[in-house]
Amino acid sequence: MRISRLYVSEPLNCGQHIELDDDSAHYVRTVLRLAKDDKIVLFDGSGADFLSVLLEVSRNRVAVALEQRQPRDVESPLTICLGLGMARGDRMDLSVQKAVELGVNQITPIETERCLVQLKGDKRIQRFTHWQRIIQHAAEQSGRSVLPELSPITRLHQWVGEQQGLKLFLDPYAEVTLADLQPENMEVTLLTGPEGGFADHEREAAKAAGFIPVRLGGRILRTETASLAALSAVQMLWGDFRGVSKGC
């Protein structure tokens, strides 16, 4: 039987007794419907799971005892930073969630000229917190014991000048494909556009910063499809998808 996993923001150690925060306690009580003496796995983002047992599940508190540390190595040898042109609502949420499942190491929401989303003030903070929760839940579900970093929302022209590794941006009109390239140090930076695509001056800024325009086949992909297709492709070419059996 599969044991549920929960992320805990504080450092964890074997033999420790901790009390879950309100959100996690509610999830254990109401969603998972766990009870005293049930097993659960906790992780703190340090690269290991902690097999744990519930000491108390009540309306007021959920207490857990950490029994066994289990190192967990499910990370790709490829380091991937994703600059994600901001999209509306569910499309952005889907892109963030699936990027975590596909092994991305860092996500930066990118503001571009043609973004259909303009976040100001409190809404900016709320959306950032919302994406952090999506990253946490996706890591819990997918078995990752390291949480990808979510960087602050950044303007494209600033972000492109700060990146390293093999730098790529998706362009359906490019002549180069991923198969034509090879990262030298197992670091890849991907830049994907918003729903309206990149403006010409943004393409030029990316190229001036060393980004290579690449295409994914002959079709034009929606923004949420493009990022996931690109992440899958780079993992297949250079990451941990290479060892996957072809099957029959």
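Colleague: In β5, which residue is the bridge partner of Glu 56?

Modeller: This is a predicted model: local features need pLDDT of at least 70, side-chain atom pairs count only at pLDDT 80 or more, and totals for chains, interfaces and linings use all residues. Residues are numbered from 1 along each chain as its sequence is written, and side-chain values use heavy atoms, leaving out hydrogens and water. Strands (DSSP E runs of at least two residues) and helices (H or I runs of at least four) are numbered from the N terminus. In β5, the partner of Glu 56 is Ala 63.

Colleague: How many bridges join β4 to β5?

Modeller: Two strands pair if DSSP finds at least two bridges between them. Strand β4 spans residues 48–57 and runs antiparallel to β5. A hairpin links β4 to β5 through four residues, and Asp 49 has Gln 70 of β5 as its bridge partner. The number of bridges joining β4 to β5 is nine.

Colleague: Over how many bridges do β2 and β5 pair?

Modeller: Strand β5 covers residues 62–71, and its pairing with β2 is antiparallel. Glu 19 has Ala 63 in β5 as its bridge partner. The bridges between β2 and β5 number three.

Colleague: Which residue in the turn between β3 and β4 has a positive phi?

Modeller: Strand β3 (residues 39–43) pairs with β4 in the antiparallel sense, over five bridges. Ile 40 has Ser 52 in β4 as its bridge partner. The two strands form a hairpin with four residues between them. The turn residue with a positive phi, about 90°, is Gly 45.

Colleague: How many of the ten residues of β4 are buried?

Modeller: Buried means under 20% relative accessible area, exposed over 50%, partly exposed in between (1.4 Å probe, protein chains only). Strand β4 is largely enclosed by the rest of the structure because, of its ten residues, the number buried is seven.

Colleague: Is Ala 139 buried or exposed?

Modeller: Ala 139 sits in helix α3. Leaving aside neighbours within four places in sequence, its contacts (heavy atoms within 4.5 Å) are Arg 5, Phe 43, Val 100, Arg 144 and Leu 147. Its relative accessible area is 0%, so Ala 139 is buried.

Colleague: What distance separates the C-alpha atoms of Ala 139 and Gln 118?

Modeller: Along the chain, Ala 139 and Gln 118 are 21 residues apart. Their C-alpha atoms are separated by 27 Å.

Colleague: How many residues are in the largest nonpolar core?

Modeller: A nonpolar core is a set of buried Ala, Val, Leu, Ile, Met, Phe, Trp, Tyr and Cys residues joined through side-chain atoms within 4.5 Å. In the largest one, Ile 107, Trp 131, Leu 168, Leu 190, Leu 231 and Trp 238 touch the most other members. Elements that each supply at least two of its residues include β6 (79–85), α2 (89–101) and α6 (223–238).

Colleague: How much space lies in the largest pocket?

Modeller: On a 1 Å grid over the protein atoms alone, a pocket is an open set of points where a 1.4 Å probe fits, with protein on both sides within 12 Å along at least five of seven lines; lining residues have an atom within 4 Å of a point. Points join across faces, edges and corners, and the volume is the space filled by probe spheres set on them. For the largest pocket that space is about 490 Å³.

Colleague: Which element gives the largest share of the lining of the largest pocket?

Modeller: Of the 21 lining residues, Leu 6, Ser 24, Gln 136, His 137 and Glu 140 are closest to the centre. β1 (5–7), β2 (17–19), α1 (22–31) and α3 (121–142) each supply at least two. The largest share, five residues, comes from α3.

Colleague: How many residues line the second largest pocket?

Modeller: About 420 Å³ of space lies in this pocket. Leu 170, Pro 172, Gly 197, Ile 220 and Leu 221 lie nearest its centre. Its lining residues number 22.

Colleague: What percentage of the chain's residues count as buried?

Modeller: The chain has six helices and twelve strands. Its C-alpha trace spans about 60 × 50 × 30 Å along its principal axes. Of its 248 residues, the buried share is 46%.
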